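The report below is meant to be read with the model open beside it.

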Protein chains: 2
Amino acid sequence: MSAELVLAPEFLLPENLPDSLGYAPGEVPEERMLAEVGFFVPDYIDSPNPEWMRLMPRLQVVQLPTVGFDAALPHLPEGVTLCNAAGVHEQSTAELTVGTIIARWRGIDRAARNMADGRWDHRRGRSLQGAVVVIVGAGGVGSRIGDALRPLGCRVEMVGRSARKGVWGAERLPELIASADVVVLAVPLTKETEGMVDAAFLERMPDGSLLVNVARGTVVITDDLLDALPRIEAVLDVVEPEPLPSDHPLWSAPGVLITPHIGGDTDAFPRLARELIDRQVRTWRAGAALSNVVVGP
Amino acid sequence: MSAELVLAPEFLLPENLPDSLGYAPGEVPEERMLAEVGFFVPDYIDSPNPEWMRLMPRLQVVQLPTVGFDAALPHLPEGVTLCNAAGVHEQSTAELTVGTIIARWRGIDRAARNMADGRWDHRRGRSLQGAVVVIVGAGGVGSRIGDALRPLGCRVEMVGRSARKGVWGAERLPELIASADVVVLAVPLTKETEGMVDAAFLERMPDGSLLVNVARGTVVITDDLLDALPRIEAVLDVVEPEPLPSDHPLWSAPGVLITPHIGGDTDAFPRLARELIDRQVRTWRAGAALSNVVVGP
């Protein structure tokens with residue numbers, strides 16, 4: 001067997017890719033097989049397996065099926081290139097962001113619950129028209145969220161680490177969130193963003209404003225958020241911990257809508273991920289420059 | 001007092017507008033006050049007062065808070081400009097349409113229900129990227145729905161009564177719905193549209209496609225829809241009858257999301273109406289060309 005084996009979850013393995021092997025969820029390949037792997041695609045959220053990297057002496061490239069790469073970093077062997085799945089999930093996450101904001105402001109969540117009792121409870125909703133939406137994180141996800149919200153009449157303010165055209169620098173964040181109707185968290189999890197949304201951050205948000213987290217659960221200090229509810233409201237696709245235990249107070253906190261980390265997970269994901277993996281493997285085998293490199297060799 | 005008084009319902013009166021006066025619902029200003037009015041905003045649906053126009057000898061502009069203007073026409077004095085509120089209501093319905101489609105396809109409705117039991121039930125959703133959305137009704141509401149869906153990657157097909165640029169004629173409807181992922185009903189209720197969505201219409205829709213009704217309940221024959229579920233799914237903001245009785249089978253039909261006729265009902269109406277009135281008054285005072293003119297001077 002050649003040294004350039006590609007190992008990927010079965011559902012993400014491109015069709016007709018030479019020297020490649022798919023694995024089923026939970027299945028662990030034999031060590032002698034892992035030893036041949038040069039290009040590794042770890043499994044998706046439910047069955048994390050970054051520790052396999054240590055069993056791959058010939059590993060050259062790790063292509064993640066996610067945009068976030070924080071969980072892979074501690075397992076990445078020296079000299080191995082780490083690529084993320086930028087471009088695969090952003091639009092799905094933007095869709096969910098738009099859908100959950102509208103759901104919360106128009107009471108679609110309440111309406112869904114009322115169906116069980118056949119309860120018709122008409123209430124005036126809140127519109128996105130003219131809403132000031134501060135998007136924290138001006139990468140692929142944040143940009144797509146902005147692109148989806150502007151046509152709905154929102155005034156979108158993008159905030160990145162440093163200022164550039166169309167993006168405010170992080171130093172403007174305290175001022176911007178103080179007049180926001182919605183604050184969307186779309187940052188990567190880093191030392192700077194972990195715990196960034198604390199009591200002081202939440203206190204700056206106006207009464208009745210909405211915090212949306214589609215980044216990572218630990219960007220928000222959950223206890224501080226619980227204290228701030230229901231003065232502000234929250235839509236959370238990510239929480240800490242995940243899955244959220246059934247007796248966690250967030251489930252029943254007023255003004256909260258929780259979705260089970262489904263931001264990037266749509267039928268578009270396997271299709272776009274297979275296309276990305278196919279491109280990357282061919283690029284790697286041709287010795288050309290990979291896309292989406294987050295840690296160089 | 002100047003001749004250029006603005007008279008508007010209190011809840012629609014822009015802040016800090018010079019030479020303006022608000023009136024409470026049911027309150028009739030003194031005739032000598034009406035005689036000074038140059039710009040008049042009649043009351044909203046509940047307390048019609050178009051007959052005041054006849055008491056305004058200096059009247060130049062009537063700015064309606066509604067899109068419909070048929071009720072004002074018989075009262076409009078010769079030479080007075082009539083403007084409607086196009087742009088004030090449509091977007092709220094478009095928002096709800098986008099929000100409920102995403103809610104259904106991403107399982108936000110299921111997630112909202114699961115919160116009561118603290119159940120974390122991660123499932124893959126369906127993305128709007130590449131979805132074929134047929135919008136039946138190419139008026140203000142239908143157009144705005146299209147404008148909101150295109151940035152999400154949908155292929156939007158508009159269908160009107162007759163073909164025009166960017167709009168298919170009604171004769172193409174059977175063919176278009178046969179390859180639709182989503183069919184949105186955004187038609188006015190007329191003899192032609194009442195009962196339009198019957199068994200034959202529903203049978204043409206593909207397995208797993210979604211019917212969205214933000215028009216009027218009687219556009220759909222409910223019994224036929226119940227027969228078509230869950231082969232197709234449905235999002236219904238309008239039903240027949242309203243309110244839907246608590247024991248109606250639609251409430252528990254599989255693949256259905258019902259919202260209680262909240263399409264146009266948001267906080268955006270008073271706010272956008274105030275903004276429109278403010279712009280129009282300033283334009284009028286500057287002697288420039290008004291927007292939304294439905295009857296010229």
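B:Asn292 is partly exposed, with 19 other C-beta atoms within 10 Å; a residue counts as buried if 20 or more other C-beta atoms lie within 10 Å of its own, as exposed if 12 or fewer, and as partly exposed in between, with C-beta atoms placed from the backbone. The residue sits in the loop between helix 8 and strand 13 of chain B, and its phi is positive, about 60°, although it is not a glycine. Helices (H or I, at least four residues) and strands (E, at least two) are DSSP runs numbered from the N terminus.

B:Asp19 also has a positive phi without being a glycine, with a value near 50°. B:Asp19 belongs to the loop between strand 1 and strand 2 of chain B and is partly exposed, with 15 other C-beta atoms within 10 Å.

## Basis of the model

This is a predicted model, in which local features need a pLDDT of at least 70 and side-chain atom pairs count only at pLDDT 80 or more, while totals for chains, interfaces and linings use all residues. Residues are numbered from 1 along each chain as its sequence is written, and chains are lettered from A and ligands numbered from 1 in the order in which they are written.

Chain A averages a pLDDT (the predictor's confidence in each residue, from 0 to 100) of 95, and 99% of the residues score at least 70. For the complex, the predictor gives an ipTM of 0.86 and a pTM of 0.84.

## The six-stranded sheet of chain B

Chain B holds an open sheet of 6 strands in the order 2-1-3-4-5-13, with mixed pairing; two strands pair if DSSP finds at least two bridges between them. Its edges are strand 2 (20–23) and strand 13 (293–295), each of which pairs on one side only. Neighbouring strands are turned by 30° against each other on average, direction ignored, where axes are lines fitted to C-alpha atoms, for helices over the stretch in contact, and angles run from 0 to 180 degrees between N-to-C directions. Strand 1 (residues 5–9) and strand 3 (residues 37–40) of chain B pair in the parallel sense over 3 bridges, and B:Leu5 has B:Val37 as its bridge partner in strand 3.

Within strand 1 of chain B lies B:Leu7, which counts as buried because it has 22 C-beta neighbours inside 10 Å. Leaving aside residues up to four places away in sequence, B:Leu7 touches B:Leu21, B:Tyr23, B:Pro29, B:Val37, B:Phe40 and B:Val41; two residues are in contact if their C-beta atoms, placed from the backbone, lie within 7 Å. B:Leu7 and B:Phe40 are 33 residues apart in sequence, yet 5.0 Å apart in space, C-alpha to C-alpha. Helix 8 of chain B lies across strand 1, strand 3, strand 4 (61–63) and strand 5 (81–83), running at about 170° to strand 4 of chain B.

## Enclosed elements

In chain A, 9 of the 10 residues of helix 4 (residues 140–149) are buried, so the helix is largely enclosed by the rest of the structure. Its cover includes helix 2 (90–106), strand 6 (132–136), strand 7 (155–159) and strand 9 (182–185) of chain A. Helix 4 of chain B is mostly covered, with 8 of its 10 residues buried, among them B:Arg144 and B:Ile145.

Strand 10 (residues 210–213) of chain B is covered on both faces, with B:Leu210 and B:Val212 buried on one side and B:Leu211 and B:Asn213 on the other. Strand 9 and strand 10 of chain B run parallel and are joined by 4 bridges, and B:Leu185 stands opposite B:Asn213.

## Cis peptide bonds

The peptide bond from A:Glu242 to A:Pro243 is cis, with omega near -10°, and A:Pro243 is in the loop between strand 11 (233–236) and strand 12 (256–258) of chain A. In chain B, the bond from B:Leu229 to B:Pro230 is cis, with omega near -5°, and B:Pro230 lies in the loop between helix 7 (222–228) and strand 11 (233–236).

## Domains and the contact between chains

Chain A is divided into domain 1 (5–88 + 267–295) and domain 2 (90–258), with bounds from an automatic or database domain assignment. Their centres, taken over C-alpha atoms, are separated by 31 Å, and 7 residues of domain 1 are in contact with 8 residues of domain 2.

Between the chains, 52 residues of chain B are in contact with 51 residues of chain A. Helix 2 of chain B gives the most to the side of chain B that touches chain A, with 10 residues.
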